[in-house]
Amino acid sequence: MTLTPSAPASADAATDSHRPLTRSDYKTLGLSALGGTLEFYDFVIYVFFAAVLSGLFFPADMPDWLRQLQTFGIFAAGYLARPVGGIVIAHFGDKLGRKRMFTLSIFLMAVPTLVIGLLPTYASIGVAAPLLLLAMRVLQGAAIGGEMPGAWVFVAEHVPKNRYGLGVGTLTAGITGGILLGSLVAIAINRSYAPAEVRDFAWRIPFILGGVFGLVSVYLRRFLHETPVFQELATRRAVARELPVKTVLRDHKGAMVLVALMTWVLSTAVVVVVLITPNYLQKVFQIPATLALEANAVATLTLTIGCIVVGWATDRFGTRPVMLVGWGGLTLSSYWFYTQLPGTPASLVFNYGLIGFFVGSISLLPIVGVRAFPPEVRFTGLSFSYNMAYAVFGGITPILITLWQQHDVLANAHYVAAMGVLGFALGFVPLASRGWQPAAQRG
């Protein structure tokens, strides 16, 4: 049986008023953002130590480029596992409540991260080492598949309508703060230990810390409350009665395509600009690891700021103008950044920070995506579309870029700029700016 939705896309229950943010709202935002920061840190810390892991978890006589390719292949496996975790967690999030699944996802991330920090290497147990590493990345991918859409829906259904963009943008900033935290930890490890010490034992420290802090975040999420929107749905017995994913596939194909394409833009911006570029700077331009990571930290800081600015701007100016400016800026700044390399240390940091700010436009995806589906199937719709697309585009991007760079040193710039153009074009799609509307309003 299919439900007839009864609430407008951007004016659900608790988000219907123009009230200011309350103490409860700030608590929800703070705990959600903190958990997102720690969970995303757990997911991305792998890439900051990819060069070290490639030497520890694969045979020493394997060519360096092949070790790196296989290391990124295991990184990609985490993305391929996202749809499974996302669908399962979102299904129960639409059936049983947002809060329970929101807490479960971070637990499923913390434990594998802790295990990675304790894994024996190839020298100790042979081929079992990369297989165990692969298994932990798969579990991490399943967890992150439920975490990010769950966090976006959780916060979007708590904040008032007139602070919707700011709330979602702030949460996204908290999530991207996990990348910044990972970058800062990587800098600290590389500054505190010699390269031989990092390979010997220090690489384990970030993973162990991430696992421990993740478990602390599981405890803190006990103090969150179920969203008012889900509470209203449960009271009205309007919780999806058929499989939510079935409803999404049948009735919301346009929203799925929109979210999938925006996910392509987001995954490219994050994976290429933020996660791959530090290694690219070292390998292609021989920029010292410490300088590359410091510049990356600045870019991640401006990315975090950009997420908040973009969220605030959508509340102030509307979604479409912000999409045009944000993604257009990413296109231009990508060519500026990559064509100016290596430059001076000062120009590297400034230009990396500039493109990082425009990468902050990624907060447009949850701002658009949450509104694109009705409340009854919102978690599933966003999670399914986002994770399926991220599994494909986020998973193949590191491998594609690694191979493309063998033929064109500006591969990063071309790919990021093309996605900026796609994001710009999506700004003209009516669903992106208006969101889902009930049948009565559409008619």
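Tutor: Glu 294 is partly exposed, at a relative accessible area of 26% (buried is under 20%, exposed over 50%, partly exposed in between; 1.4 Å probe, protein chains only). The model is predicted, so local features need pLDDT of at least 70 and side-chain atom pairs pLDDT 80 or more, while totals for chains, interfaces and linings use all residues. Residues are numbered from 1 along each chain as its sequence is written, and side-chain values use heavy atoms, without hydrogens or water.

The partner of Glu 294 is Arg 191: their side chains meet in a salt bridge, 2.2 Å from N to O (a Lys or Arg side-chain nitrogen within 4 Å of an Asp or Glu carboxyl oxygen). Because Arg 191 sits in helix α8 and Glu 294 in helix α14, the pair ties together parts 103 residues apart in sequence (helices are DSSP runs of H or I, at least four residues, and strands of E, at least two, numbered from the N terminus). The structure holds one salt bridge. Arg 191 counts as exposed, with 56% relative accessibility.

On a 1 Å grid over protein atoms alone, a pocket is an open set of points with protein on both sides within 12 Å along at least five of seven lines, a cavity is a set where a 1.4 Å probe fits but cannot get out, and lining residues have an atom within 4 Å of a point. The largest contribution to the pocket lining is that of α2, with six residues. Of the 25 lining residues, Phe 48, Ala 51, Val 52, Asn 279 and Gln 282 lie nearest the centre of the pocket. By class, 14 are nonpolar, seven polar and four charged (Ala, Val, Leu, Ile, Met, Phe, Trp, Tyr, Cys and Pro are nonpolar; Asp, Glu, Lys and Arg charged; the others, Gly among them, polar).

Of the elements involved, α8 gives the most, with four residues. The lining of this cavity includes Thr 172, Ile 175, Thr 176 and Ile 179, together with Phe 40, Trp 152 and Tyr 386. It divides into ten nonpolar residues, two polar and no charged.

Next come the loops. Between α13 and α14 the loop contains Gln 286. Gln 286 is not a glycine, yet its phi is positive, about 55 degrees. Gln 286 is also exposed, at 60% relative accessible area. In the loop between α15 (319–339) and α16 (345–359) lies Pro 342. A cis peptide bond, with omega about 0 degrees, joins Leu 341 to Pro 342. For both backbone features, the background is that most residues other than glycine have a negative phi and most peptide bonds are trans.

In contrast to Gln 286, which is exposed, Phe 57 is buried, with a relative accessible area of 0%. Its C-alpha atom is 9.2 Å from that of Leu 131, which is 74 residues away along the chain.
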